[in-house]
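Subject: Structure handover

Hello,

The structure is below, followed by notes on what was found in it. Please read the notes with the coordinates open.

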Amino acid sequence: MATMLLLTFLISSLIMVTVGLAIDSMEILRLGIDGQLSVDPSDVETASLDFGLLTRGQPLAVLHPVSAQDISQVVKAVYGSNQGMTVSARGHGHSINGQAQTTNGVVIQMSGRKGGNKPPRPRVWSEERYVDVWGGELWIDVLKSTLEYGLAPKSWTDCLYLSVGGTLSNAGISGQAFNHGPQISNVYELDVVTGKGEVLTCSEDENTELFHAVLGGLGQFGIITRARISLEPAPKMVRWIRVLYSNFSAFTSDQEHLISLHAEPSNQKFDYVEGFVIVDEGLINNWRSSLLSPQNPVKISTLFPSGGVLYCLEIAKNYHESTAQTIDQEVEFLLKKLNFISTSGFTTDLLYVDFLDRVHKAELKLRSKGLWEVPHPWLNLFIPSSKIAEFDKGLFKGILGNKTSGPILIYPMNKNKWDHRSSVVTPDEGVFYLVALLRSALDNEEETQSLEYLNNQNRQILRYCDEAGIKVKRYLPHYTTQQEWMDHFGNKWDRFYEMKMEFDPRHILASGQRIFTPTFPSSSNMPS
């Protein structure tokens, strides 16, 4: 009965909004859900956009759930509908290409708490060293909850203001991935609402195939409502170090050396390994590279080679008050084996939480300047290690020129830290690199910063890789045809398709990914 009421409400919403009629919020309360189902224009507008600002959706309604059952009710209603509706889960809205949008259905707003009822707060199991968290919980709040017990998750993303369900639906990577693997390698258990509206618990021991499919599954098989995340003792402090290279081979050789130490004792390896590319001195003042100035007033221009490209190795070592006396010795031992420009070392010590949350502080600065809510035509690529030098020659010293419009991250990861059973696809080599062009399009009459220019350059980069035989895999992928998706997944496609047919046979979930086209039954075949 509640399902039919909900379905009637959703259909009526479209009609009423179209003709400009208001909907009594009390009607929502009669639909049998504890959260809020909203057609408020401000909610709909927010759910129509994302961080990329490249596409726009138009949902009929936005659900602010407080439980898996709320989500299940909505999904069941849509699953049984013949009105062509879909369901998309939205976290903090950090998608780039409309992956969490819908133009004819319901957006499940997983993050944020609206109204009197709230989703469950993180629950820390200190002895077992894991935490149960709501799928819409932001990682910054997971961190705050676990730090109360002296614990923290092992693997992170650079930005903590992302939802747990969102990053686990992709992979979740940062400088700890070489050691602990991506975030999806540090999950014990999930609760998932499938495309049929079923609420299923899955893990290595229960509904195993669903468990691995959902991790990195781009939201195609279910909506993550709870995740059980592995924890470790949280350090107190971080020694944050950046060093520069003018030689790309030395840079990547040192990066790969450092990630090869993943099996060594903690005092014989760094805890975080990343890097970025500097193709002009102006980039030194962007949100990724503030450590290079102003407290370290080295004239970067004096270090630039004739080719105009520098590479920055970004490394960090965690420590506690009890190990503070040995941190200098441990860092010196590790740095001694690296081949960076000797005069280019930049070091600072800061609290662990401040290190993890460093990007958000830079975000606030960009917001204050009106430079955050602009189009973001980001391109994230996984590059085989054997082809990274060729990629450097073609991209950093070729296509990009001396203008970037944003940070360019580059760092390697160990493939053996990724579970091959997940839905994520990576290059077929033991070591592969993330190259992330995190660029912003600005309307300032500068051609190289325009959206059209950057989109064309992204296409040029992909075309170069194809012509050069560099078998890249896109992270946070975006394609417009199913054939492109089939090529992306390669030998994982058949299994991916089978799991879709089992857990979301009508293709109503995450249609913004454009992997599958929603299918709808005739009224005579609708499930009862």
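**Charges over rings**

Arg474 lies over the face of Tyr479, with 5.0 Å to the ring centre. Arg358 is placed likewise over the face of Trp240, at 6.0 Å from the ring centre. Please note that this is a predicted model.

**Second largest pocket**

Arg474 and Tyr479 turn up again here. The second largest pocket holds about 720 Å³ of space. Its lining has 24 residues, and Leu462, Arg474, His478, Tyr479 and Glu484 are the closest to the centre.

Three elements each give at least two residues to the lining of this pocket: α14 (451-467), β18 (473-475) and α15 (482-489). The largest share is that of α14, with six residues. Sorted by class, the lining of the second largest pocket consists of 10 nonpolar, seven polar and seven charged residues.

**Cavities**

How many cavities of 30 Å³ or more does a search of the whole structure find? There are four.

The largest cavity has a volume of about 1000 Å³. Its lining is made up of 50 residues, and those nearest the centre are His94, Gly166, Thr167, Asn170 and Leu476. At least two lining residues each come from β3 (86-90), α6, β10, β16 (408-414) and β17 (431-437). Strand β3 provides the largest share of this lining, which is four residues. By class, the lining of the largest cavity divides into 26 nonpolar, 21 polar and three charged residues.

The second largest cavity contains about 100 Å³ of space. It is lined by 13 residues, and Asn170, Val424, Arg474, Pro477 and His488 lie nearest its centre. The lining of the second largest cavity has eight nonpolar residues, four polar and one charged.

**Aromatic residues**

The count of aromatic pairs comes to 28. One of them joins Trp125 and Tyr130: the ring centres are 5.8 Å apart and the planes meet at 40°, so this pair is tilted. Trp125 is partly exposed, at 24% relative accessible area, whereas Tyr130 counts as buried, at 14% relative accessibility.

Phe251 and Tyr311 form a stacked pair, with 5.4 Å from centre to centre and 25° between the planes. Phe251 belongs to helix α9 (residues 248-259) and Tyr311 to strand β13 (residues 310-319), so the pair ties together parts that lie 60 residues apart in sequence. Are these two residues buried or exposed? Phe251 has 0% relative accessibility and counts as buried, and Tyr311, also at 0%, counts as buried too.

One aromatic cluster is formed by Phe221, Tyr479, Trp485, Phe489, Trp493, Phe496, Tyr497 and Phe516. Tyr479 of this cluster is the residue whose ring face has Arg474 over it.

**Helix α5**

Which residues of helix α5 (residues 139-147) are buried? They are Trp139, Ile140, Val142, Leu143, Ser145 and Thr146. What do the buried residues of α5 pack against? Their partners are the strands β5 (123-125), β6 (130-134), β7 (151-153) and β10 (222-233), together with the helices α6 (164-168) and α11 (352-356). Of these partners, α6 and β10 also supply residues to the lining of the largest cavity.

**Leu335**

Leu335 lies in helix α10 (residues 327-335). It counts as buried because its relative accessibility is 18%, and the cut-off for buried is under 20%. Leaving aside residues up to four places away in sequence, Leu335 touches Ile241, Phe270, Ile315 and Phe340. Asp254 is 81 residues from Leu335 along the chain, and their C-alpha atoms are separated by 9.8 Å.

Regards

Key:
Residues numbered from 1 in each chain as written. Predicted model: local features only at pLDDT ≥ 70, side-chain atom pairs only at ≥ 80, totals over all residues. Heavy atoms only, no water. 1 Å grid on protein atoms, 1.4 Å probe; cavity = no way out; pocket = protein on both sides within 12 Å on 5 of 7 lines; lining within 4 Å. Points joined across faces, edges and corners; volume = space filled by probe spheres on them. Nonpolar A, V, L, I, M, F, W, Y, C, P; charged D, E, K, R; others polar. Phe/Tyr/Trp six-rings, centres within 6.5 Å; stacked < 30°, edge-to-face > 60°. Buried < 20%, exposed > 50% of the residue type's maximum accessible area, 1.4 Å probe, protein only. Lys NZ or Arg CZ within 6 Å of the ring centre and 35° of its normal. Contact = heavy atoms within 4.5 Å.
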